[in-house]
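Thanks, everyone. Please have a look at the model on the screen before I start.

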Amino acid sequence: MAEYYALQAALCFSIAHVLIRRGLVGSNALTCSLISLATTATIFWLLALVLIPLSALWTPTIGYFIVAGIFAPAIGQTLGYIGIERIGVARSTPIVTSAPIFSSSFAVLFLGEVWTAQNVFGTLSVIIGVIILSSGKASEGQWRKLDILYPLVGAVAFGISTTLRKFGLSLLHIPLLGAAVTVGTAFFILLLLILWRGGRRALKFNPVSTRWLFGAAVVNTGAILSVFSALNVGKVVRVEPLIACNPLLTILWVGIFLRQIERISARIVLGALFTVMGTTLVMTAR
């Protein structure tokens, strides 16, 4: 069942990425994050109020989901959307999805775990993939090499968040509540960020973009719930590699539906393959 949820999450994420790229044509990353998190938080909390007793909220374990929400979706998702805006969905998505590399690194640094040869090869593969994805000229316009840092830092944030979510779910087996608290926290943090960036002036709404972004938010909601469900019933090492394959689906959809916005080159496909392969190696290492 965990594998089913993970594959469902990968499919939903890939579809959401394409819808987001469409919406960003007339909008910006902060607006995209606002629509996404507002929609997801509303859906999760409405479901939680109906299906879960409020007494479940009064447990210290909720703290793990609160901190997880600060790192991702609040920081990680927003930086990922900025990455899509700056360097394109085909380049940004594989880098963000390399988050398990950082989860593994944190385990080595702080939990005393040991890297095997497979971990090393996987990490090197991701590094090579990122280098390939960050080289060359962007087909959709000029971008700075430093723009690659947006999805890269987003991946670090997702790596921290995933570790905290899994730990929280090992103590509190209610995926919907964990998702609601995580996304609700992220929405609150995003509102503070928007106020810091100038409030309404930092946002960019238009009817066409909003429809695309709202559609992406609904699909992304299904993806997030699938991730929590997968982590609740399965091990991270079995779940994350399947979810991490979503960039390959994203590139397929980009090639079919976004040809007029973004061109898929052999370099991008090669970089994505290296990144996904490396992430899978790290997550399946024993």
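First, the ground rules. This is a predicted model, where local features need pLDDT of at least 70, side-chain atom pairs count only at pLDDT 80 or more, and totals for chains, interfaces and linings use all residues. Residues are numbered from 1 along each chain as its sequence is written, and side-chain values use heavy atoms, with hydrogens and water left out.

Salt bridges, then. How many salt bridges does a search of the whole structure find? The search finds 3. To count, a side-chain nitrogen of Lys or Arg must lie within 4 Å of a carboxyl oxygen of Asp or Glu.

Take Glu 262 and Arg 21. Their side chains form a salt bridge, 3.1 Å from N to O. This pair links distant parts of the chain, 241 residues apart. Arg 21 sits in helix α1, residues 2-23. Glu 262 sits in the loop between α11 (246-257) and α12 (266-284). A word on helices: they are DSSP runs of H or I, at least four residues, numbered from the N terminus.

Are these two partners buried or exposed? Buried means under 20% relative accessible area, exposed means over 50%, and partly exposed is in between, with a 1.4 Å probe and protein chains only. Glu 262 has 3% relative accessibility, so it counts as buried. Arg 21 has 8%, so it is buried too.

Now Asp 147. It has a salt bridge to Arg 86, at 3.3 Å, N to O. That pair also links distant parts of the chain, 61 residues apart. Asp 147 is in the loop between α6 (117-134) and α7 (149-171), and Arg 86 is in helix α3, residues 62-87. Asp 147 has another salt bridge, to Arg 144, at 3.2 Å, N to O. Because they share partners, what do these salt bridges join into one network? They join Arg 86, Arg 144 and Asp 147.

Asp 147 is buried because its relative accessibility is 3%. Arg 86 is at 35%, so it is partly exposed. Arg 144 is at 48%, so it is partly exposed as well.

Next, empty space. Rolling a probe the size of a water molecule over the atoms shows where empty space is left. The search runs on a 1 Å grid over the protein atoms alone. A cavity is a set of points where a 1.4 Å probe fits but cannot get out. A pocket is an open set with protein on both sides within 12 Å along at least five of seven lines. Lining residues have an atom within 4 Å of a point. Grid points are joined across faces, edges and corners, and a volume is the space filled by probe spheres set on the points.

By this rule there are 2 cavities of 30 Å³ or more. The largest cavity has a volume of about 500 Å³. It is lined by 28 residues, and the closest to its centre are Phe 13, His 17, Val 96, Phe 158 and Asn 246. Helix α3 gives the largest share of that lining, 6 residues. By class, the lining has 16 nonpolar, 10 polar and 2 charged residues. Here Ala, Val, Leu, Ile, Met, Phe, Trp, Tyr, Cys and Pro count as nonpolar, Asp, Glu, Lys and Arg as charged, and the others, Gly among them, as polar.

The second largest cavity has a volume of about 30 Å³. Its lining residues include Trp 45, Pro 53 and Leu 177. The lining has 9 nonpolar residues, no polar and no charged. Helix α2 gives the most, with 3 residues.

One pocket, too. The second largest pocket holds about 150 Å³ of space. Among its lining residues are Leu 30, Thr 78, Ile 189 and Arg 197. Helix α3 gives the largest share here, 5 residues. The lining has 8 nonpolar, 1 polar and 1 charged residues.

Last, the surface. Ile 43, Leu 47, Val 50, Leu 51, Phe 214 and Val 218 make a nonpolar patch of about 550 Å². Patch residues have over 30% relative accessible area and no salt bridge; like charges are joined within 9 Å, and nonpolar side chains (Val, Leu, Ile, Met, Phe, Trp, Tyr) within 5 Å. Accessible areas come from the Shrake-Rupley method with a 1.4 Å probe, and for residues only the protein chains shown count as cover. Helices α2 (29-51) and α9 (207-233) each supply at least two residues. Helix α2 gives the most, with 4. Val 50 is in α2. Its relative accessibility is 68%, so Val 50 counts as exposed.
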